[in-house]
Amino acid sequence: MLWQALTLQLGYNATLVAVGSTLLGIAAGVTGTFLFLRKRALVSDAISHATLPGVGLAFILMVWLGGDGRNLAGLLAGSALSAWIGLLSVQWLTRRTRLAEDAAIGAVLSTFFGFGVVLLTVIQTMRAGQQAGLGQLLLGSTAGMLFADAVLIAAGGAACLALTLILRRPMTLVAFDPEFAQASGLNTRRIDLATMGLVLAVTVVGLKIVGLILIVALLIIPPVTARFWTDRTGFVVAFAGLTGGVAGFVGAAISASASSLPTGPIIVLVSFALFAVSLLLAPGHGVLAAVLKHNRFQKRVHLRQGLLALAQGHPIYERYTLRLLQKRGWALADGMPTEAGKGQAAKALRDESRWEMLRGIAMHEAAAARYDGLTRIEAVLTADQIADLDERIGGPRPVTP
Amino acid sequence: MNGTEFVPLSLTPILIGVFAAVACALPGNFLLLRRQALIGDAISHVVLPGIVVAFLVTGKVTTWPMMLGAAGAALFAVALIEAIRRLGRIEPGAAMGVAFTSLFAAGVLALEQSDTSSIHIDVEHALMGNLESLIWLDAIGWESLLDTAALAGLPPELLRLAVTLVLVGLFIRVFWRPLKISTFDEGFAQVMGLRTGVLGLALVIVSAIAAVAAFDAVGSIIVIAMFICPPAAARLMTNRLEVQVAWSVLFATLSAVLGYVLAGYGPLWLGFTNSVSAAGMIATVSGLILALTALFGPCRSRIGAPVEG
């Protein structure tokens, strides 16, 4: 069943939903990346909640004008308008008052959402509002998706993607260094607004499939996931689009394979699973990589300290150090050095005195600054320079009584 | 309007609304100043999975297991946010966004999977609460306030929220100085020997208790709004924390009373027959109060100096 869903063999509606969610996932991942890099990920939360009053007002207006209140294009236009007002309110509160952005986000999202709920209760009492099903826009609903809806989502998603590609350079610049961007003549405020506008467009487009509460997840989770895998902006954008698209497609397929599996939550949970895997396993920024790196570092410190202790004839109390030395055949179980161990220890001690000598030479200041007790001296000096150091240290000297 | 109508139908919802609003606004002051304002938002999203799990475990719609489940979910969410932030070295906003949306999605999924649809937990109820239905049927007028038999019929939410409000108030009163110091200068607080980590966690736990108790009665919209809007509006009125807390209590009370009255009677004044959602209206009023203070509040500007003239 799942396999059939993944290969788009579950009928017309399931295929429409799968294609729509994939496109939505890609668009949300790509646009969300710039929001995430700008460290304003939660603005999307305010934007998405601020769509609700617009939906309500659009419905009331369309019914009042004698039309069908459920016209998706009309509802989306209304939601875009009120989300834009919400976005401007967040900007205004942050710029004009001393409230921090998180407070502005929370205030706008709760107020707009509250007003939206008031409008929903008004609609419930209207005769045309009995079966309006506007509540579906809270959590998304793909059951009755029409071809026209899918086209709307596809066109909207494609437009967002194209605009993001056009604006990617200025948006990247503003995300990483707003002062520099301003100094080079970019209007950072307008570019920020453009970024938010793209996010808003994706939010509005995604209302039908995942609903306004969960679209935030599609805007935030894929970029965070992608950030684990690479440090280059272009790759983060591409990878976020990819994970978003995969989550959209697989989520839609899983949801189509059985009843009572709502599409929106499943898409979000699939992308959370991708996030969790990346958090644990990604090379570089992942938890596993960090643990391995830490262990390697610990091992090097223990070996180094163990060798220095051997060279100076100190006993080794630390079990881990002794075990490491034993495993390399540099020490015996009672802590006495082997022949090879004596050689290594002498080298370690020699390196320490080389570093000490290096610190006294002004010419090598930069090299000496790299001393951390672990870096090999061969990594910072050439063989000639080391020989020169050795000459200054000299051989064994007679001790004057 | 006379007592025979007001006391049974409006008195208890208004009181419950005020208690819930103040209980959320009090810790909200500190969360706002600590740049943790959105914790309230995150907590109110994860309450849903909490009550669904509690329902799946106990199989019954009873208050206490559900509140425990919600509180557990809130703490789990806070732990998850912190884990994601530390392990992945992700900025707090994004970590929060990842955690609460995923937990909310899990809650919706669990809700759809179980046959809870037959009973009254549903997403809209969780969002909007049922403030209007918390009426006091045993009352016949003002004199019922002295009648023990009638008092026994008060909605249980009223007592629960009153206790919560007292708890929250006591916490803030007892830990006033440590909270104040650690909020404004965490480094100094640590030097003085205060355990700022424990204190911060305690504040979050108290907020979670307030959120869960309020959520049960009035829905999560009010919770989010009251955590943020009254303290934010109060912040624009003054530079002193004591005065800010007082303003926030006033604003919270005002939002609750005005919102309830506008929702219940406003449409009637305009010639409509049905009232609108009280929870939504209370949130709207609190936002309007914030908008007014943002326009005219004496300490609205970033420099903090009162505007002359």
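**Legends: chains A and B of a predicted model**

Chain A averages a pLDDT of 87, and 96% of its residues score at least 70. Here pLDDT is the predictor's confidence in each residue, from 0 to 100. The model is predicted: local features need pLDDT of at least 70, side-chain atom pairs count only at pLDDT 80 or more, and totals for chains, interfaces and linings use all residues. Residues are numbered from 1 along each chain as its sequence is written, with chains lettered from A and ligands numbered from 1 in the order in which they are written.

**View 1. Overall form of chain A.** Chain A has 17 helices and 0 strands; these are DSSP runs (helices H or I, at least four residues; strands E, at least two), numbered from the N terminus. The radius of gyration of chain A is 31 Å, well over the 21 Å of the globule rule for 401 residues, so the chain is more spread out than a compact globule. That radius is taken over C-alpha atoms, and the rule is 2.2 Å times the number of residues to the power 0.38. Along the principal axes, the C-alpha atoms fill a box of roughly 110 × 55 × 35 Å. Among the elements of chain A, helix α1 (residues 2-6) has the lowest mean pLDDT (71), and α12(A) the highest (93).

**View 2. The side of chain A that touches chain B.** Contact joins 48 residues of chain A to 52 residues of chain B; a contact means C-beta atoms, placed from the backbone, within 7 Å. Elements giving two or more residues to this side of chain A include α5 (72-96), α10 (188-227) and α12 (263-281). The largest share, 16 residues, comes from α6(A). By type, this side divides into 34 nonpolar, 9 polar and 5 charged residues. Nonpolar covers Ala, Val, Leu, Ile, Met, Phe, Trp, Tyr, Cys and Pro; charged covers Asp, Glu, Lys and Arg; the others, Gly among them, are polar.

**View 3. Thr121(A).** Thr121(A) sits in helix α6 of chain A. Not counting residues up to four places away in sequence, Thr121(A) touches Val276(B), Ser277(B) and Gly280(B). Thr121(A) counts as buried because it has 22 C-beta neighbours inside 10 Å. The cut-offs are 20 or more other C-beta atoms within 10 Å for buried, 12 or fewer for exposed, and partly exposed in between, with C-beta atoms placed from the backbone.

**View 4. Helix α4 of chain B.** Helix α4(B) is mostly covered, with 18 of its 22 residues buried.

Conventions: Contact = placed C-beta atoms within 7 Å.
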